[in-house]
Amino acid sequence: MRKKFFAVMCFCICVITAVAALSGCFKRVNYLDYISERRSDIFLYEDDGVSVKIVCSQKEQPYAADGIKGELCDITEIFVSLPKSYDGVEVSIEGFNGEMNWQAVERRYYLSCSAKPLKSDSAEVTLTYGGESKTFSALSVRYDGVMSCDEAVKCVIEHDRELFEGLTENRLFLGEIYVRLLYDEGCYYYVGVCDKSRHVTAYLIDGEYGKVIATKDIQG
């Protein structure tokens with residue numbers, strides 16, 4: 001009888017230990033290591049028919065929605081709209097300058113460069129077109145109380161832990177995460193979780209309170 005009791009106790013201990021180990025493995029996964037796009041700031045200027053938008057991000061290269069995180073590279077994207085089109089438009093910002101490309105469909109000029117995210121609340125942008133140069137001050141859309149990209153991802157993890165558990169195996173996360181700052185009279189975050197079948201579970205997050213406003217499934 002004592003042997004039977006001892007055997008049952010050993011079995012229970014083994015089961016509890018295994019469950020604890022699995023739980024510990026899950027907790028040790030740092031999902032922030034699987035972010036393949038992190039859009040951290042947006043700068044805007046608009047007046048007298050001139051519109052300037054600067055987007056600061058880190059993106060994997062090459063960029064692919066395949067559920068596999070690649071190496072991140074810093075990238076700054078500049079979008080400019082003018083009252084009319086010009087043969088050539090050059091932009092200068094933070095010591096970088098270059099000629100912008102014309103995007104006919106959107107009717108705007110565009111240029112991307114490898115540059116670290118801007119750290120200040122404003123960015124001085126000099127545009128040269130029509131034989132003259134003009135400097136504009138674009139302001140960050142971020143304001144006090146807006147959470148970071150990483151904090152937005154953590155809110156999604158807490159909201160839908162089951163999804164992350166289902167994509168976690170052997171201390172590895174079988175997917176990649178996109179997090180993008182958005183602005184529309186306030187700051188929001190898009191957080192997308194992409195698995196290896198290219199299925200994306202997308203979340204819209206309030207940028208101040210971390211509340212999930214909407215969710216959507218997207219099949220790539």
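I began at Pro62, which I found in the loop between β2 (50-60) and β3 (72-81); strands are DSSP runs of E of at least two residues, helices runs of H or I of at least four, and both are numbered from the N terminus. The model is a predicted one, in which local features need pLDDT of at least 70 and side-chain atom pairs pLDDT 80 or more, while totals for chains, interfaces and linings use all residues. Residues are numbered from 1 along each chain as its sequence is written, and side-chain values use heavy atoms, with hydrogens and water left out.

**Backbone.** I then turned to phi, and Glu185, which is not a glycine, has a positive value near 60°. Glu185 belongs to the loop between β12 (175-183) and β13 (187-195), and its relative accessible area of 77% makes it exposed (buried is under 20%, exposed over 50%, partly exposed in between, with a 1.4 Å probe and protein chains only). Arg198 is also no glycine, yet its phi is positive at about 70°; I placed Arg198 in the loop between β13 and β14 (199-206) and wrote it down as partly exposed, at 41% relative accessibility. I noted these places because most residues other than glycine have a negative phi and most peptide bonds are trans.

**Ring pairs.** I next asked how many aromatic pairs there are, and the count is nine (centres within 6.5 Å; planes under 30 degrees apart are stacked, over 60 edge-to-face, the rest tilted). In one of them, the centres of the Tyr31 and Phe173 rings are 5.2 Å apart and the planes meet at 85°, so I recorded the pair as edge-to-face. Tyr31 is in the loop between α1 (2-28) and β1 (35-47) and Phe173 is in strand β11 (residues 172-173), so this pair ties together parts that are 142 residues apart in sequence. Phe173 also forms an edge-to-face pair with Tyr34, at 5.5 Å from centre to centre and 70° between the planes. That pair links distant parts too, since Tyr34 sits in the loop between α1 and β1, 139 residues from Phe173 in strand β11. I checked the burial of these residues: Tyr31 is buried, Tyr34 is buried with a relative accessible area of 18%, and Phe173 is buried at 3%. Ring pairs join Tyr31, Tyr34, Phe164 and Phe173 into a cluster.

**Cores and totals.** I then followed the largest nonpolar core, which has 27 residues, and Phe164 and Phe173 are among the members that touch the most others, as are Val153, Ile177, Val179, Tyr189 and Val191 (a core is a set of buried Ala, Val, Leu, Ile, Met, Phe, Trp, Tyr and Cys residues joined through side-chain atoms within 4.5 Å). Elements that each supply at least two residues of this core are β1, α2 (149-159), β12, β13 and β14, and α2 gives the most, with five. Leaving aside residues up to four places away in sequence, Val153 touches Leu32, Ile35, Ile177, Val179 and Val191 (contact means heavy atoms within 4.5 Å). I also found a second, separate core of 21 residues, including Val50, Val52, Leu82 and Phe136.

For the whole protein I wrote down three helices and 15 strands, with 39% of the 220 residues buried. Among contacts between residues at least 6 apart in sequence, 55% join residues at least 24 apart.

Terms used. Rings of Phe, Tyr and Trp (its six-membered ring) pair if their centres lie within 6.5 Å; planes under 30 degrees apart count as stacked, over 60 as edge-to-face and the rest as tilted.
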